[in-house]
Amino acid sequence: MSRKRKNLQSDMGWSNATSITVKGMSLTGDILGKLNLGDFAFLEIQSRLPTPGESVVFNALLSTLVEHGMTPMVIASRLTYMGAPESLQGAVAAGILGMGTTFAGTAEGSARLLQEALSGDAADTPMHELPAMAEAIVQRHMATRTPIPGIGHNLHKPIDPRTPRLFELAQQQGLSGKYVELMKHVALSAERALGKPGQLPINATGAIGALSSELGIPWKLCRGLAVIGRTIGIVGHLAEELRNPLAREIWERTEEECSAHVRT
């Protein structure tokens, strides 16, 4: 029994001996020197160029998670690069593999929460009903003892400084709607329900999830936005590692301190 074969077809791009075409645009004539990297990424993801307002917000989203200091992800990258300096891409990959529900990856979860809440008939939910919707979301998470993605931060309290700036840009560009409002109400509802006023701010990934939703980006792609930004940051850390190596000191100090209690 033979299966029906699907035609192999992609609209991403193609090339011949003299040209490269991306989404119907000439790479050399329409893109290089004319599109910034964020707008090019938007074109790849959304199959169209962003409006000026979308460009501002989308580029801000990509920049938000580029750098956050000496995180576990960049430590992993630096240590991997020390062990395999011939494989910079392996060191970058080592850092990206640490992106998940604890570090930098929860934009996917917050976007999913918002998009599923406002899907189907619920898409027409008026603004004044969003607080009740948020209460229901929080209660469901509390009942199942599952974390609410996009709120809370171990360091940034009572405000993650990235969030108000992102929301301000979205407001200025006319891209602040129901997803942003629902995210705000979820955070407030969670603080009330858990008795933690000022302790559960919308974090950067919550803001990214909300604004990605406003831009019409499916939640399954939202972690990819974090990957784009954090990859730039990891390459930056490896550039610093070349100028000022820290990985060996991190390794040797860790080894010494971890075994100090058994040394005679």
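This is a predicted model: local features need pLDDT of at least 70, side-chain atom pairs count only at pLDDT 80 or more; totals for chains, interfaces and linings use all residues.
**Ser55, continued**

I found Ser55 in helix α3, residues 52-64; helices (H or I, at least four residues) are DSSP runs, numbered from the N terminus. Ser55 counts as buried because its relative accessibility is 13%, and buried means under 20% relative accessible area, exposed over 50%, and partly exposed in between, with a 1.4 Å probe and protein chains only. Not counting residues up to four places away in sequence, Ser55 touches Asn36, Asp39 and Pro50, contact meaning heavy atoms within 4.5 Å.

**His141**

I then turned to His141 in helix α7, which counts as buried because its relative accessibility is 16%. The side chain of His141 reaches the backbone oxygen of Ile137 at 2.9 Å. Leaving aside neighbours within four places in sequence, I listed Leu113, Thr146, Pro147, Ile148 and Pro149 as the contacts of His141.

**Ile250**

Is Ile250 buried, partly exposed or exposed? At 25% relative accessibility, Ile250 counts as partly exposed, and I located this residue in helix α12, residues 247-259. Ile250 is in contact with Ile75 and Leu79, when its neighbours within four places in sequence are left aside.

**Nonpolar cores**

I looked up the largest nonpolar core, which has 56 residues, with Phe58, Leu182, Val186 and Leu211 having the most contacts inside it; such a core is a set of buried Ala, Val, Leu, Ile, Met, Phe, Trp, Tyr and Cys residues joined through side-chain atoms within 4.5 Å. Helix α9 gives the largest share of this core, 7 residues. A second, separate core of 5 residues includes Met25, Leu27, Ile31 and Leu43.

**Pockets**

For the largest pocket I wrote down a volume of about 830 Å³. A pocket is found on a 1 Å grid over the protein atoms alone, as an open set of points where a 1.4 Å probe fits, with protein on both sides within 12 Å along at least five of seven lines, and lining residues have an atom within 4 Å of a point. Its lining has 33 residues, of which Thr101, Thr102, Thr106, Gly152 and Asn203 lie nearest the centre. The largest share of that lining, 3 residues, comes from α6.

The second largest pocket holds about 210 Å³ of space, and of its 13 lining residues, Pro158, Thr163, Ala187, Pro201 and Ile202 lie nearest its centre. Here α9 supplies the largest share, 4 residues.

Methods: Residues are numbered from 1 along each chain as its sequence is written. Side-chain values use heavy atoms; hydrogens and water are left out. Grid points are joined across faces, edges and corners, and a volume is the space filled by probe spheres set on the points. Helices (H or I, at least four residues) and strands (E, at least two) are DSSP runs, numbered from the N terminus. A polar contact is a pair of N or O atoms within 3.5 Å; within protein, one must be able to donate a hydrogen and the other to accept it, and residues adjacent in sequence count only if both atoms are side-chain atoms.
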